[in-house]
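Here is a short briefing to read with the model open beside you.

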Amino acid sequence: MSFSRRAFVGSALALAACEGQGPATAAAQPARSGPLPRLRDLVPFPVGTQLVSDHLAIPSVVDLASTQFDQITTGYDLKMEYLVQPDGRLRFDGPDALAAFADANGQSLHGHTLVWYADEPEFFQRLDGRQAAFERAYDNHITTVAGRYAGRMRSWDVVNEPVTDEGRSLRESLWTRNLGQDGHFERAFHLTHEADPGALLFTNEYHLESKPHKRRTFLNLIERMLSRGVPIHGIGHQSHLLCDLPRGAVAEAMREIASLGLPIHMSEVDVSLQSERPFGSRRDREAAQIRLYQETIEAYMDLPRIQQFAYTIWGVRDAESWVRQDWYGGDHTDAPLLWDDNGLPKPTYWAVADAMRARRMR
Ligand code: G3I
């Protein structure tokens, strides 16, 4: 995901504005002890997490990923940036390790992602403008990667993040330049379906809560593709949230996305303590974060069962979260997940578990 530079600077400033107001404090709930309930046992749909193969070396991540969740999304290892070497050869050590991990733990696997505007490997760039060779390489990539895991993948994100940040048009990329905006999209879905007819195919997008016009552009694209017989089986609704998202925005987005009647994958849930606008103290941010996690669970649990594909959290411990990576600003005070840097459950974990249990009791 590429938040605009301007939005990021704004977020960083807003977070900086509340620094110096004391260390992180558990916002709304006291710490609890005793054995952790397994999130996967609390709801009737799969609960997933994102994992990268490097993190299989971290004992607390492995422990939590294997016990708390019943689905694994490959966070990095099936992207072209990992798979495609400069000479065009593919490496599969990372994704094979993740598939073996999921197998060993009886978990389903969600493949992320075959085609992404942000992923333009050198090998493909060298084919830019050479129509026949580009098509051959594109087709070969999808067929080989989806074919390798055929029968093993529950589902795929086929095209990731097709809508611009501004939200009113579709993105331009190496893929659209060479194969057309609709062309690259349709081609990718048809090829994936041929390579793995049993896998459910998704397109996946972010900021669908904070930008209603982006949501409409995304849903219009899906409807147009469906009307042409493109095999899209579900909607990936990422839900990378900032803590200043207004109350109610999560439910409103969910209602509109659900109106298409397709299964919905809440596919990359996390709630950053950063904000677009100035927003109170660290404690206020943590309280808002907890409320937003609850809102995502409640909105998801209100869907008809047939539309509940999976609820996936984008990682296990704060320490490995993408929001701390250098390319996103490297803010090590942010803490968007359910477990802290040491793998201990945070109030966000208990809020999610409690919201799951409470919604089930209704
Ligand atoms: O693990 C490798 C390591 O082996 C290598 O030596 C090192 C050198 O670059 O990089 C490490 O890989 C990093 C990888 O994350 C795993 O941590 C990559 O550099 C880094 O680019 C990669 O970032 C990922 C990012 O997408 C770009 O692919 C994040 O983990 C991942 O969380 C993030 O996920 C995206 C979704 O795909 C789409 N939606 C938004 C979401 C957040 O940005």
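Let's begin in the sheet: the bridge partner of Thr203 in strand E6 is Ile235. From E5 the chain crosses through helix H10 (residues 212–227) to E6, and this β-α-β crossover is right-handed, a term used when, with the strands pointing away from the viewer, the path from the first strand over the helix to the second runs clockwise. Please keep in mind that this is a predicted model, in which local features need pLDDT of at least 70 and side-chain atom pairs count only at pLDDT 80 or more, while totals for chains, interfaces and linings use all residues. Residues are numbered from 1 along each chain as its sequence is written, and side-chain values use heavy atoms, with hydrogens and water left out.

**Strand E5 and its partners**

- Helices (H or I, at least four residues) and strands (E, at least two) are DSSP runs, numbered from the N terminus, and two strands pair if DSSP finds at least two bridges between them.
- E5 pairs with strand E6 (residues 234–237) in the parallel sense, over 4 bridges.
- Strand E4 (residues 155–160) also pairs with E5 in the parallel sense, here over 5 bridges.
- Strand E5 (residues 200–205) has 5 of its 6 residues buried, so the rest of the structure largely encloses it; buried means under 20% relative accessible area, exposed over 50% and partly exposed in between (1.4 Å probe, protein chains only).

**Backbone features to look for**

- Most residues other than glycine have a negative phi, and most peptide bonds are trans.
- Glu161, although not a glycine, has a positive phi of about 55°.
- You will find Glu161 in the loop between E4 and helix H8 (174–179), and it counts as buried at 2% relative accessibility.
- His207 is not a glycine either, yet has a positive phi of about 60°.
- His207 sits in the loop between E5 and H10 and, at 10% relative accessibility, counts as buried.
- The peptide bond from His112 to Thr113 is cis, with omega near -5°, and Thr113 belongs to strand E3 (residues 108–116).

**Leu114 and its surroundings**

- Leu114 lies in strand E3 and is buried, with a relative accessible area of 1%.
- Leaving aside residues up to four places away in sequence, Leu114 touches Met80, His141, Ile142, Val145, Trp156, Asp157, Val158 and Thr192, where contact means heavy atoms within 4.5 Å.
- Leu114 and Thr73 are 41 residues apart along the chain, and their C-alpha atoms are separated by 13 Å.
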